[in-house]
Amino acid sequence: RQKIILDTDPGIDDAMAILFAEAHPNIDLVGITTVYGNTTIDNGTRNALYLKEKFQLNADVAKGTDKPLVRPPVGATVVVHGETGFGDCHASEPQQATADPRPAYQYIIDMLKANPGEITLVAVGPLTNLALALEAAPEITSLVKEVVIMGGAFGENGHRGNVTPYAEANIHDDPHAADKVLTADWPAVVIGLDVTEESMFSSAYLDALKADAGHVGEFIWDVSRYYLRFYAQKLGMDGCHVHDPSAIAYVIDPTLFTLRKGPVRVISDGPAEGMTLQKYDGRRYMTDDWQDNRSQHVGVQVNSDALLALYREAIINYSQGTSGK
Ligand code: BDR
Ligand code: CA
């Protein structure tokens, strides 16, 4: 089983990703670190603790930072994830579950040092906690197994953002942190919007999950109502894209994705702020800025039918207590 720390801004599709990680027998969800993004850091941390309590997760929860490294905060996306981050489901205050005393970046550093080469960091929110961990302990680059990120948009000319034509939300929230994380000397896999938007949880898919996956399917259905209304009103879709669960799917079965190799950079200001770029032509250029950075892997294609089947099977088995966990 692959040990993971999931860095997340819960968040509706974040909740879907947390439950996927918990459900699948290939993954050992050791920690959840929270970050501002879809909602405030307090809401996101309460939502994570709520899931820990409701689904009896063994994972630690460590509270992360409330703001980006340099740029002013963009603010919560209430229109997408609701006032408290969980749409119409207002998570109650946890009765027993408490957060780890350490800030998220310190928790990440300590866990990587205690388990060298064993932990995959999966980040599905703004990358600020990871950047803070790198700043405080640069040696963690050689201790992590892999870094898997949901973020960015690598479609034609980078044109397929969701916050701006060029920028995806997680990267746009903290482009300086993203550039730090993506140019660090550690192995990163980036699954961007152009790939996560290839998979859709249709309303029929979520109805069937509600019918077939007991209390887990019911929670996913409940929490997704607000999200589906946003998709219907803003995008005219009868369902939602599968953003954050796609990063978990990569950890479970990397063969679902086609990857492209090459260094990645992030634009940190100006009209293309938050735009992600990858150099993949293998050529040498006049500046060292690009070629001296480590090559990373960027997703360019996904087998979405297989991904949707994998999610459904994992959640159903988990709800029936037959996931082997
Ligand atoms: C990303 O932004 C957030 O709204 C989602 O949780 C996801 O991580 C998609 O752009
Ligand atoms: Ca997220």
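## Ligand shell

By class, the shell around ligand 1 holds five nonpolar, seven polar and four charged residues. Here Ala, Val, Leu, Ile, Met, Phe, Trp, Tyr, Cys and Pro count as nonpolar, Asp, Glu, Lys and Arg as charged, and the others, Gly among them, as polar. The shell has 16 residues, of which Gly11, Asp13, Val124, Ala169 and His243 come nearest. A residue is near a molecule if its C-beta atom, placed from the backbone, lies within 6 Å of it.

Gly11 sits in the loop between β1 and α1. A cis peptide bond joins Pro10 to Gly11, with omega at about -15°.

## Model and confidence

This is a predicted model: local features need pLDDT of at least 70, side-chain atom pairs count only at pLDDT 80 or more, and totals for chains, interfaces and linings use all residues. Residues are numbered from 1 along each chain as its sequence is written, while chains are lettered from A and ligands numbered from 1 in the order in which they are written.

The protein chain averages a pLDDT of 96, and 98% of the residues score at least 70. pLDDT is the predictor's confidence in each residue, from 0 to 100. For the complex, the predictor gives an ipTM of 0.98 and a pTM of 0.97.

## Overall fold

The protein chain has 13 helices and 12 strands. Helices (H or I, at least four residues) and strands (E, at least two) are DSSP runs, numbered from the N terminus. The radius of gyration is 18 Å, close to the 20 Å that the globule rule gives for 325 residues, so the protein chain is as compact as a globular protein of that length. The radius is taken over C-alpha atoms, and the rule is 2.2 Å times the number of residues to the power 0.38. Along the principal axes, the C-alpha atoms fill a box of roughly 60 × 45 × 35 Å.

Contacts are pairs of residues whose C-beta atoms, placed from the backbone, lie within 7 Å. Among contacts between residues at least 6 apart in sequence, 81% join residues at least 24 apart.

Buried residues make up 51% of the 325 residues. A residue is buried if 20 or more other C-beta atoms lie within 10 Å of its own, exposed if 12 or fewer, and partly exposed in between, with C-beta atoms placed from the backbone. The largest nonpolar core has 98 residues; Leu6, Ile108, Val122 and Ala247 have the most contacts inside it. Its largest share, nine residues, comes from α1. Such a core is a set of buried Ala, Val, Leu, Ile, Met, Phe, Trp, Tyr and Cys residues joined through C-beta atoms within 7 Å. Not counting residues up to four places away in sequence, Val122 touches Ile4, Leu6, Asp7, Val148, Ala247, Ile248 and Val251.

Helix α4 (residues 104-114) buries Ala104, Tyr105, Tyr107, Ile108, Ile109, Met111 and Leu112. These buried residues pack against β1 (2-8), β2 (27-34), β3 (60-62), β4 (119-123) and α5 (128-136).

## Two single residues

Ala314 is found in helix α13 (residues 304-319). Ala314 counts as buried because it has 26 C-beta neighbours inside 10 Å. Beyond four places in sequence, Ala314 touches Phe20, Ala23, His24 and Ser323.

Gln56 lies in the loop between α2 (41-54) and β3. Gln56 has a positive phi of about 50° although it is not a glycine. With 9 C-beta neighbours inside 10 Å, Gln56 counts as exposed.

Definitions and conventions
Contact = placed C-beta atoms within 7 Å.
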